[in-house]
Amino acid sequence: MTTTQIDDAVRHAIGAIAPEADLSTIDPDERLRDALDIDSLDFVRLLEQLQNLTGVTVPESDYAKIATLRELTTYVEAHAG
Amino acid sequence: MPSLGADMDEGTLLEWLVKPGDVVHRGDVVAVVDTAKAAMDVEIFQDGVIEKLIAEPGTTLPVGAPLAVIAGEGAVEAPAAPAAVEVPAVAPPSEIAPVVESPLVRHRAHELGVDLATIVGTGPGGVITRADVDAHAPAPPPPTKPIPAKPGRAAAIPTQGRAPVSPFARRRAAELGVDLNAVQGTGPDGAITADDVERAAAKPETAPAEPVVAKVAPAAPVVPDMQAKARAMRQAIGQLMARSKREIPHYYLSATIDLTVATDWLHQTNVDRPLSSRLVHAVLLLKASARAIHKVPEMNGFWVNDEFVPGDGVHLGVAISLRQGGLIAPAIHHADTLSLDELMDHLRDLVSRARAGRLKQSEMDPTITITNLGDQGVDSVYGVIYPPQVALVGFGKVAERPWADGGMLGVRPCVTATLAADHRASDGHRGGLYLAAIDSLLQKPEEL
Amino acid sequence: MSVDSELGVDPKHGIHLLRQMLRVRRFEEKCVELYSAEKIRGFLHVYIGEEAVATGVLEALDREDSVVTTYREHGHALLRGVSAEKVMAEMYGKVDGCSRGRGGSMHLFDKATRFFGGNAIVGGGIPLAIGVALADKLRGDNHVTACFFGDGAVAEGEFHESINLAALWKLPVLFCCENNLYAMGTAIERAQSQTDLALKAASYGVPSWPVDGMDVVAVENAARRAVEAIKAGGGPYFLELRTYRFRAHSMFDPELYRDKVEVKEWMKRDPITVFTERLRGAEAISHDDLTALEREAADEVARAVAFAEASTDEPVEQLTRFVYSEANVS
Amino acid sequence: MKTTYREAMRAAIRDAMQRDDRVFVMGEDVGRYGGCYAVTMGLLKEFGPERIRDTPLSESAFVGAGIGAALNGMRPIVEVMTVNFSLLALDQIMNNAATLLHMSGGQFNVPVVIRMTTGAGRQVAAQHSHSLEGWYAHIPGIRIVTPATLEDARGMLWTALVDPDPVLIFENGTLYNTSGELADDAGPVDIDHARVRRDGHDVSLITYGGTLPATMRAAEELAADGLEAEVVDLRTLRPLDEETFLASVRKTHHAVVIDEGWRSGGISGEISARIAENALYDLDAPVVRVCGAEVPIPYPRHLEQAAIPNTSRIVAAARELVGVHA
């Protein structure tokens, strides 16, 4: 998948969980949980959306590595086909 | 395209039986059209010469759409419908007379209240077609606003656990300024009747007339005007919390619970699970809180008419934050009997429906409420009880904390559980037992 | 009136019969056209091919007699004297229609001409007709009630109950069965155990005659003889008028139940073309007479359409009027 | 004078036939047999076979003929032996009698009267025990009246015959034998209004026809409890005289509707709806309905009695509704 496709997928997944969130104003290095006001349940649903869109499955052990928007995007790029 | 039957709106041209240049006479069959019922012949109603075939075989057209141009008397373009009969109908005066040939189009315009003068025909030669008219049909009038309830009459929402009130009694209460909450019902199944109200009005020390407060923020459907809804919800929550503080003598307890065993069990369980069925900490905390009720049942129920009414099951209210602000706590019924997976499904479903504003009235009857604001990084939560419930459990953030065990200092994942309870229904000792029960249940996660 | 030997009818009367049939034929053709243009909606059953039946029978009735018919009734209404304007306005659903636009094609009513209307329930009008006749009889008024129905109605209980009652009480009813061989999509031999309907009716002790429904003179003669016998106190008579409809049962009928060849055969016996040849053969009609008749019919239809187009809808506030009678109607 | 409901109805027919020679009677066994319920006994000898006409068992034909004769200026009284057989003539009643005036744009009146016996209580099983007057009251274009007293049995017929529109008179089979005093000069009565048969201020008992006697008995029993019940006899189901029963409910704040017809889709539902629409804020408790059980009426007496409203069920409903007084 190209980077733009991945960016779109991430943007779409976040949109599904926090529809009113404005991604352009999000600080890529801020913790997603704080930036988007999402709880652990929402976080799992976010990862589920990403899996549907990109095929990437994030094991629980890697939760810590995808705390911010930037980390999430690079993680998906690394694991996407 | 002719109308060939009572319920025909459109037809599919199957084939032309004529070609440009052919001479046709009234009554000749010129084409075959397929309808919902069967293929039907299309007759021509005047003599003339086929000039041009407009519609292609295989296309589906609405009734009235032009199919061909016939050069006949006066080379008038006419769809298979008859030439307009000059009728002294009073046509609205307009500078440029609209190019209208078929009475069908005029009739359609009349039907839809469209002024033909305002339309530029898209048909050949600028003729206005039926489709043009439909395109200009005015949008249906906006739905009228529901009429607000008559002012002055207490728009009381039947509160949960409260006795029903007859319309006549409600009217008398409004007339006599009687607070229905303070009236004892003698009617069928405890209903408050007009006599009850009148007797209450006669007693000297009636409680001051208070506005009847909505119990829990109503399941406000997420409608376009967000601010109005958010403000209304804020107002309702505000009233509820104020009343809760005013009436309920709260006492507070807290306990820090070691979640090492639970967290390890959670990771092992989730390792080979797809994302869609992974468990989160919250579901363990909810199940423990529900099962712990069996040890201390007086946490689960309502305070009504100066006495404790036990819940008819452990209906766990789960506090859910609505994205644009506002909080709602719908119930998961009989949470103590559900498996962790079932509880997880209920939780996911409840959260999504709450945020979409599609909660059911039947879900607004929790017997105890759990707030799990821990996710937002708060250590401990001292909540306000939702009347008429008698307890509220709060869980803070699950985080690594210093832990002394056997004289050695270590680091353990922990959570701070707090209890806010109604001192009229229980006392601190019983509250402490409840939190201890939650703690011990969380040490054997596999049994939850 | 003098009767021309081969023609079998007085020439002047012959032209009158042709004019009547032509009026109905052109009116019905216009209705088909207007239905395609969505001016006439709902159901439409035209009388093309059966004109000789209504023309012949109605010639035998006078002003005080009564008519009850079915939903294939435009011809009966026009020939009974309801104006083409009021009939067309009714088809448009306009308030100036003969039923204030409320009945439409299947429910034309006209009290002045004792036209008790079309009935959309097959056989539904037959009990009414014997009732109208019963009232005349009870009052000692020597009138006839003509009751039109199709071969389909002969399968309805109401037909058998009514014809038995009429025969039992010797009621002045002229039963006119327009047998066009098809009850909507069902050919007569698939609906009737005994397809000779005249024979079937005779079993009730009612004089029953089969009549060639494509020959207007034959129909008129039979109708006149029957009306005379009824008015002489002979009780009800039954005419089986064997005819054929050239178009489908109604506007949305793909006619899968009969083949085109049969239709072509019957068209050779078109009551209008055959009778026109007969009049020409007896030099009772000239080319100019024919063009004049055509123009008269065309003008009548054009006036009717103009009247209907100009007429207005009944105001919706009057919806509930006439659910019950309005004050002081005795 | 002392008389019965049956004799009062017979006197009404005789009186009408003497007044107007457009009036004649038609129906199964109305002549020689004297009427299935002996209402027309003796009229054949007095008026002759032309005006007292026995018909074959052809309900659609002779009811349709009655409608046709009315169309053509007569004033027929058509007797359908029971409402159960009227189903065979429903097409003529609904599609012709009720519809012709409106559909003909006001040209053709149908001044016909159709009398039918109705109701259960005589152990003649389901097919002969229907109560469908509430059903017929759904049809615009006809009037439905239900005489329950001797005055109404004597007085409604002439008013119905004079009315230019079709009037259906439903006579509950159990009422024919009721006897009592009737004024010698008793004559026509109105058919537009309900009537309060007993005053009261605690609960309104709203009923009509065959269930009026049971309702009156219930009112007496409630009085012994200190509960004053008001009994409203509807007398006409179409048009429904809602003013009378609404006024009663506004006074008593409690309503019990008693109807032998089935509950679902019945006239009792229509009455409850009108109370809810017009007197909601006068209701101290929900409207209660005491109706026929929703079953085909069973043959055995105990089952039949259990299936139709009776005094004890009415008393129980009223007591439970009004609740225990402090």
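## Strand 18 of chain B and its partners

Strand 8 (residues 250–258) of chain B runs antiparallel to strand 18 (residues 408–422) of chain B, and nine bridges join the two. Pairing here asks for at least two bridges found by DSSP between two strands. Within this pairing, B:Leu253 sits opposite B:Leu419 of strand 18. Strands (E, at least two residues) and helices (H or I, at least four) are DSSP runs, numbered from the N terminus.

Strand 18 of chain B also pairs with strand 16 (residues 391–395) of chain B, antiparallel over five bridges, where B:Leu392 has B:Ala420 as its bridge partner. Two residues lie between strands 17 and 18 of chain B in their hairpin, and B:Gly406 adopts a positive phi near 65°.

## Where chains C and D touch

Chain C brings 33 residues to the contact and chain D brings 34 residues, counting residues whose C-beta atoms, placed from the backbone, lie within 7 Å. On the chain C side, strand 2 (115–119), helix 5 (125–139) and helix 6 (157–169) each give two or more residues. Helix 5 of chain C gives the most, with 10 residues.

## Notes on the model

The model is predicted: local features need pLDDT of at least 70, side-chain atom pairs count only at pLDDT 80 or more, and totals for chains, interfaces and linings use all residues. Residues are numbered from 1 along each chain as its sequence is written, while chains are lettered from A and ligands numbered from 1 in the order in which they are written.

Note on methods:
Contact = placed C-beta atoms within 7 Å.
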